[in-house]
Amino acid sequence: MRSKLYIRTDGSSSIGLGHLVRCIALAKMLVEDFDIHFACKQIPDSIINEIRDAGFAFIFLKNDDELLSVLSPKDIVVVDSYELESDYQKAIKEIGCQLVCIDDLHEKPTYADLILNHTPCVSPDEYEAQPYTQYALGPSYALIRPPFLALAGKNQRQFGNASVLICFGGSDSRNLTKTALQVVLTFSQFKRICIVTGAAYSHQESLTEIVEEQDIVVHYNNISAEDMAQRMSEADLCIVPASGILTEALTSGAKIISGMYVGNQRFVFENYKKANAFISAENFSEENLLAAVENYFSQEHVSDAPLVDGKSGERIKKLFRQLADEQNFDLRGLTSDDAELTFQWASDERVRRYSLNKSTIQFADHVAWLSRKLTDPNCIFYIAVFYGKPVGSIRFDLNGEDAVISYLLDPDYHGRGLGTVMLKKGILSICKAAGHITTRLSGIVMPDNISSCKTFERFGFKKELEGENYQYTMNINDENRNI
């Protein structure tokens with residue numbers, strides 16, 4: 001049975017349409033695996049039609065509590081909103097749902113199971129989250145629509161400098177489209193100027209006279225994602241704000257001029273600027289736009305390494321499948337009856353390859369070791385069960401305020417992301433069993449055990465060299481992580 005996935009977000013001419021656009025992109029990545037329901041308080045009618053035409057359900061909310069009243073513990077909820085507070089997230093978690101937050105501001109404490117932020121140069125340290133929170137950060141998790149995923153996967157074309165595309169998103173309340181157009185028209189090098197406005201753009205008349213007088217200017221309004229990707233693929237330069245459209249423009253391989261004009265674009269602008277993703281027009285004043293275009297013509301047009309590779313859809317789909325798998329994944333306490341099973345796992349050569357102890361294990365020695373662990377008050381040892389079948393083990397050895405993690409997954413279940421699910425379940429269990437005395441979790445991993453390294457890093461564990469290996473640590477019960 002497919003899980004229900006609710007997406008709580010809003011959009012309008014005043015707050016912009018960026019949240020809606022990236023959430024529709026997310027929904028199209030996940031439509032094969034989930035029944036998707038959008039829940040909005042503010043949304044243009046044209047976007048409601050787009051949602052329904054795509055086969056998604058739509059709920060028009062009179063208030064935020066309406067969504068809470070329909071949720072069940074098996075649901076996954078995505079929240080993409082600057083307005084909803086931490087208490088709303090907490091209420092969703094108290095129902096028992098899995099919670100995903102699309103959060104590029106990291107200004108509020110979060111209770112999310114997964115944080116998505118496709119802005120570059122972002123660290124888990126910037127979030128006040130929970131020990132169980134996973135992070136999907138950076139352009140590898142770009143929330144872009146299917147035509148742009150396809151565009152990113154194509155070979156980059158040769159660069160010219162004669163065509164420019166201008167787009168300031170779905171609403172452009174300040175009519176920066178006109179400002180940018182007037183600046184661009186002062187440069188005779190441009191032979192084609194394409195301006196694209198969105199469904200909530202309310203300044204159409206301001207462009208009419210210019211478009212009629214200038215043969216090189218073409219105006220498109222409220223075009224499809226496919227058409228937008230095509231227009232971007234034909235442009236040598238794109239002038240876009242530091243919002244979701246910037247990430248989509250980066251898939252085209254065109255040069256980018258970008259800037260910010262509202263406060264919530266600040267982190268995106270600063271981080272993409274740090275990643276050298278665009279030529280900065282700062283606040284999009286005429287003076288700054290003019291300087292940015294002059295800068296564009298002064299640069300040699302060489303191909304840069306792309307920030308967006310077109311594979312984010314597959315990565316994000318895998319993360320959501322893991323969240324759904326958690327409903328069928330549990331931990332139970334170790335018993336003496338698990339000796340044969342744990343011996344088989346520990347002896348498997350695929351497990352021994354990444355074991356810190358390479359010595360051959362004898363069954364009698366394993367039974368004696370397991371007996372000691374069963375009676376050790378400073379050892380908490382779980383067997384992981386997936387759909388009722390044992391699939392691995394996770395152990396916490398307590399030493400004062402520290403808990404050292406050791407885990408292994410049945411090799412037959414490798415490659416399905418279940419190591420991440422097991423570590424999350426283990427963190428939740430140790431916090432419940434010994435959270436009153438434990439302040440730090442740690443684990444030692446061999447550098448070539450890439451899968452385990454990524455698993456610890458997905459939860460924001462800090463990595464340090466410990467001899468020839470990596471030591472991963474996470475402080476819990478502090479101001480940044482308090483379950």
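**Close-up views of a predicted model**

**Figure 1. Charged side chains over aromatic rings.** The charged end of Arg266 lies over the Phe267 ring, 4.5 Å from the ring centre. A charge sits over a ring if NZ of Lys or CZ of Arg is within 6 Å of the ring centre and within 35 degrees of the ring normal. Lys463 places its charged end over the ring of Tyr470, 4.4 Å from the centre. The model is predicted: local features need pLDDT of at least 70, side-chain atom pairs count only at pLDDT 80 or more, and totals for chains, interfaces and linings use all residues. Residues are numbered from 1 along each chain as its sequence is written, and side-chain values use heavy atoms, with hydrogens and water left out.

**Figure 2. The aromatic pair Phe34 and Phe320.** The structure holds 20 aromatic pairs. Rings of Phe, Tyr and Trp (its six-membered ring) pair if their centres lie within 6.5 Å; planes under 30 degrees apart count as stacked, over 60 as edge-to-face and the rest as tilted. Phe34 and Phe320 form one of these pairs, edge-to-face, with 6.3 Å from centre to centre and 75 degrees between the planes. Phe34 belongs to strand E2 (residues 34-40) and Phe320 to helix H12 (residues 312-325), so the pair ties together parts that are 286 residues apart in sequence. Helices (H or I, at least four residues) and strands (E, at least two) are DSSP runs, numbered from the N terminus. Phe34 is buried at 2% relative accessible area, and Phe320 is buried at 0%. Buried means under 20% relative accessible area, exposed over 50%, and partly exposed in between (1.4 Å probe, protein chains only).

Figure 3. Phe456 is buried, with 2% relative accessible area. One aromatic cluster is made up of Tyr407, Phe456, Phe461, Tyr470 and Tyr472.

Figure 4. UniProt, in an unreviewed entry, lists His19 under "active site". UniProt positions are given in the numbering used here, feature names are shortened, and annotations may be inferred rather than shown by experiment. His19 is found in helix H1 (residues 18-30) and is buried, at 10% relative accessibility. Residues up to four places away in sequence aside, His19 touches Thr9, Asp10, Asp80 and Tyr82; contact means heavy atoms within 4.5 Å. The side chains of His19 and Arg22 make a polar contact of 3.4 Å. A polar contact is a pair of N or O atoms within 3.5 Å; within protein, one must be able to donate a hydrogen and the other to accept it, and residues adjacent in sequence count only if both atoms are side-chain atoms.

**Figure 5. The parallel sheet and Ser163.** Six strands form an open sheet with parallel pairing, in the order E10-E9-E8-E11-E12-E13. Its edge strands, E10 (217-221) and E13 (279-280), each pair on one side only. Two strands pair if DSSP finds at least two bridges between them. Strand E8 (residues 163-167) runs parallel to strand E11 (residues 237-239), and three bridges join them. Ile166 has Ile239 as its bridge partner in E11. Ser163, also in strand E8, is buried at 11% relative accessible area. A polar atom of the Ser163 side chain lies 3.2 Å from the backbone oxygen of Glu234. Beyond residues up to four places away in sequence, Ser163 touches Phe190, Arg192, Glu234, Ala235, Asp236 and Leu237.
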